[in-house]
Amino acid sequence: MFKLHRKSSAVTEAIEYVIAGEELAIGILVKYSEGKLVKATGADVPEYVTVGSAKADKLCPVKRIYEDEVYETRLSVDGSTLKLGDKVTIAENADTITTATGGNFQVIEIEATAVGSKVRGLFRR
């Protein structure tokens, strides 16, 4: 699950409701595809993170992602090769990260390197 850890401003953005093109749970990174929200994976640039769940073709509550926000998630693979500053990809489940380079999630904090360990970072476009 991706969740907002901290941000530089005290402004609270509005929750938006957008039609989902597939079943989505809370904490999933999403992007638009054919006018509907779908999971953002690999090197995709996520536009939103879900803040509630939605079934296929239903409205889904989302929060827009900004570059000054730090998000927390978990490692989907062993992170022993991960270094601070690495830009990695989003895992296929769209709620964790991999250690594959070439993505948009820039790692700024690593709590541990085992599968499932917490990692924090920023989305860089």
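**Salt bridges and a surface patch**

Arg124 and Glu67 form a salt bridge, with their closest N and O atoms 3.9 Å apart; a salt bridge here is a side-chain nitrogen of Lys or Arg within 4 Å of a carboxyl oxygen of Asp or Glu. Because Arg124 lies in the segment after β11 (118-123) and Glu67 in the loop between β6 and β7 (69-74), the pair ties together parts that are 57 residues apart in sequence. Strands (E, at least two residues) are DSSP runs, numbered from the N terminus. Arg124 is partly exposed, at a relative accessible area of 25%, and Glu67 is also partly exposed, at 34%, where buried means under 20% relative accessible area, exposed over 50%, and partly exposed in between (1.4 Å probe, protein chains only).

This is a predicted model, in which local features need pLDDT of at least 70 and side-chain atom pairs count only at pLDDT 80 or more, while totals for chains, interfaces and linings use all residues. Residues are numbered from 1 along each chain as its sequence is written, and side-chain values use heavy atoms, with hydrogens and water left out.

The structure holds 12 salt bridges. In one of them, Arg120 pairs with Glu72, the closest N and O atoms being 2.8 Å apart. Arg120 lies in strand β11 and Glu72 in strand β7, so this pair ties together parts that are 48 residues apart in sequence. Arg120 counts as buried at 10% relative accessibility, and Glu72 counts as buried at 6%. Salt bridges that share partners join Lys3, Arg6, Glu72, Glu109, Glu111, Lys118 and Arg120 into one network.

Definitions and conventions
Helices (H or I, at least four residues) and strands (E, at least two) are DSSP runs, numbered from the N terminus.
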